[in-house]
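Please look over the sequence and the structure shown here before reading on.

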Number of protein chains: 2
Amino acid sequence: MPRAVREQQMLDAAVRTFGQRGYTTASMDEIAELAGVSKPLVYLYLNSKEDLFTACIRREAKALTEAVRAGARPGLPADRQLWSGLTAFFTHTARHPDGWAVLHLQARTHGEVFAAEVAAMRAEIVAFVTQLILAAAREALPRTLGCARAGGTPADPDLPEHEVSGLAEALVGAAESLADWANATPGVTARQSAATLMNFAWTGLGDLMAGRRWSPPDDDPGGGAGDDLDDGGNDGTGGRQDTDDGGTGGARAPAAHAGRTSPVR
Amino acid sequence: MPRAVREQQMLDAAVRTFGQRGYTTASMDEIAELAGVSKPLVYLYLNSKEDLFTACIRREAKALTEAVRAGARPGLPADRQLWSGLTAFFTHTARHPDGWAVLHLQARTHGEVFAAEVAAMRAEIVAFVTQLILAAAREALPRTLGCARAGGTPADPDLPEHEVSGLAEALVGAAESLADWANATPGVTARQSAATLMNFAWTGLGDLMAGRRWSPPDDDPGGGAGDDLDDGGNDGTGGRQDTDDGGTGGARAPAAHAGRTSPVR
């Protein structure tokens, strides 16, 4: 049997063992046994438990990233792209629960070197989602300008860069959390997870792309935190919020008691 | 100086050191020096580096949970509650970046014992958010029934239990991810983070509470994953989706090419 095939068998056994039993508990003995090879051969091919685990992380990260990229279809409208990307993601995590456990639970729990491997994959996915959101915003541009021309306040349909990054982080975090939950909850299918996240995220993003933002009411000094709020910024530049957030965060933003603003910014 | 006060000083120094330098790199020497006490006194009071770290996790978890609970105001409409809860959360994480790093990065990266401490806090917050979503759904009930009576398809305004859990997981995951990002990105205030998440989540949840769901179009066999989809369920009960998901996930759900369904379920 060629070395490459043998190695994949070892990695299959290792992903299953690490995912189900945890990195610390898993032994090289049981991985070798599950792979049907001798333990010295595992060490010969993969060097050490640490290197074997790193190889698992890289293989599973690559497979997940490719599945998501293959799922997103650039030609479709934004909501269809998001739906197909999310469906591909949840299908992959549901079909490879051990791989997902290695990436999202094990790799982040056993040291900074492994966590850094996963962080690199996550950054790639966030960048990819950021591009999708920017493309959706561009797609929505003529529609939003149309609204503004039809009598609304002149709108700048570009989302501020920091808000697009924030939305991408929120979407990826929501998807990760939901994948953990779906894999731990009997009876939840990949389609259900994707539909739940569409219900949660798309109509939100969808409204945003159409220029409809949620705004705190005028009589609200800033939510439940009262006077804690004014210097909530982490770098002391809290004052920027009034000039730099497109009017979303300031107490001076237009009120919308129904939880919606009109389609202007 | 009373022991309790001294201990809090040691924990302050430890949270800062663990949060900024990482659990592995942080030394008891620098923690003692920052606290202005001798190293033997730290060991006398907190026993070991592991116990000191555990004490940090518990203190920071309690502070964060209390801040979120204090922020959510039961008497307000659902969107205001969510806004005030999120603002309280992001204000707390922005003001205590080292505490947040201990909880969300350090504690999850250095072993299963510490990760379990954080998982307990997270479960409490998810349960709390689940109750908020259920309360919002009850609040929306008369409105939704009104829509149905006004001529729409008869609606069951209760969200399926698994969907409420999924929404709570998505919201908590999005908030965690956004807090990491906000603390790593200069110039992002707590109010901006909360407003971004409202734009992302509330109009989504808001539509859902009003009975408007996103549905995949009829001509879509299931997103981008093609034939991967039919058995995407992780426990082989994929067939449940057609009876148990309130019509959100099945390919037979009503089409909505604009990304919205009519306000019926």
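Predicted model: local features only at pLDDT ≥ 70, side-chain atom pairs only at ≥ 80, totals over all residues.

## Chain A overall

Chain A contains 10 helices and 0 strands. Read from the N terminus, its elements run α-α-α-α-α-α-α-α-α-α. Of the 265 residues in chain A, 58% are buried. When contacts in chain A between residues at least 6 apart in sequence are considered, 72% of them join residues at least 24 apart.

An unreviewed UniProt entry gives the feature "domain: HTH tetR-type" at residues 4–64 of chain A. That stretch, residues 4–64 of chain A, is 82% helix and 0% strand. The C-alpha atoms at its ends are 20 Å apart.

## Aromatic pairs

A pair of aromatic rings is described by how far apart the centres are and by the angle between the planes. Over all chains there are 15 aromatic pairs. B:Phe18 is buried, with a relative accessible area of 0%, and B:Phe53 is buried at 0% relative accessibility.

The pair of B:Phe89 and B:Trp100 is edge-to-face because the planes stand at 90°, with the ring centres 5.6 Å apart. B:Phe89 is part of helix H5 (residues 78–95) of chain B and B:Trp100 is part of helix H6 (residues 97–109) of chain B, so the pair ties together parts that are 11 residues apart in sequence. Both B:Phe89 and B:Trp100 are buried. In chain A, ring pairs join A:Phe18, A:Tyr23, A:Phe53 and A:Phe114 into a cluster.

## Charges over rings

A:Arg3 has its charged end over the ring of A:Tyr45, 4.2 Å from the ring centre. In chain B, B:Lys49 lies over the face of B:Tyr23, at 4.9 Å from the centre of the ring.

## The nonpolar core

The largest nonpolar core has 140 residues, and A:Leu197, A:Phe200, B:Leu197 and B:Phe200 are the ones that touch the most other members. Domain 1 (1–47) and domain 2 (57–214 + 244–265) of chain B both contribute residues, so this core lies between them.

Setting aside residues up to four places away in sequence, A:Leu197 touches A:Leu86, A:Phe90, A:Leu171, A:Ala174, A:Ala175, A:Leu178, A:Trp202 and B:Ala170.

A:Ser177 lies in helix H8 (residues 161–184) of chain A. A:Ser177 counts as buried because its relative accessible area is 4%, below the cut-off of 20%. With neighbours within four places in sequence left aside, A:Ser177 is in contact with B:Arg122, B:Glu169, B:Ala170 and B:Gly173.

## Two loop residues with positive phi

Most residues other than glycine have a negative phi. A:Asn47 has a positive phi, near 80°. A:Asn47 is located in the loop between helix H3 (39–46) and helix H4 (49–71) of chain A, and is exposed, with a relative accessible area of 52%.

In chain B, B:Asn47 also shows a positive phi, about 80°, although it is not a glycine. B:Asn47 sits in the loop between helix H3 (39–46) and H4 of chain B. With a relative accessible area of 53%, B:Asn47 is exposed.

Conventions
Residues numbered from 1 in each chain as written. Chains lettered and ligands numbered in written order. Heavy atoms only, no water. Phe/Tyr/Trp six-rings, centres within 6.5 Å; stacked < 30°, edge-to-face > 60°. Buried < 20%, exposed > 50% of the residue type's maximum accessible area, 1.4 Å probe, protein only. Helix = DSSP H or I, 4+ residues; strand = E, 2+ residues; numbered from the N terminus. Lys NZ or Arg CZ within 6 Å of the ring centre and 35° of its normal. Core = buried A, V, L, I, M, F, W, Y, C linked by side-chain atoms within 4.5 Å. Domains from an automatic or database assignment. Contact = heavy atoms within 4.5 Å. UniProt positions renumbered as here; feature names shortened; annotations may be inferred.
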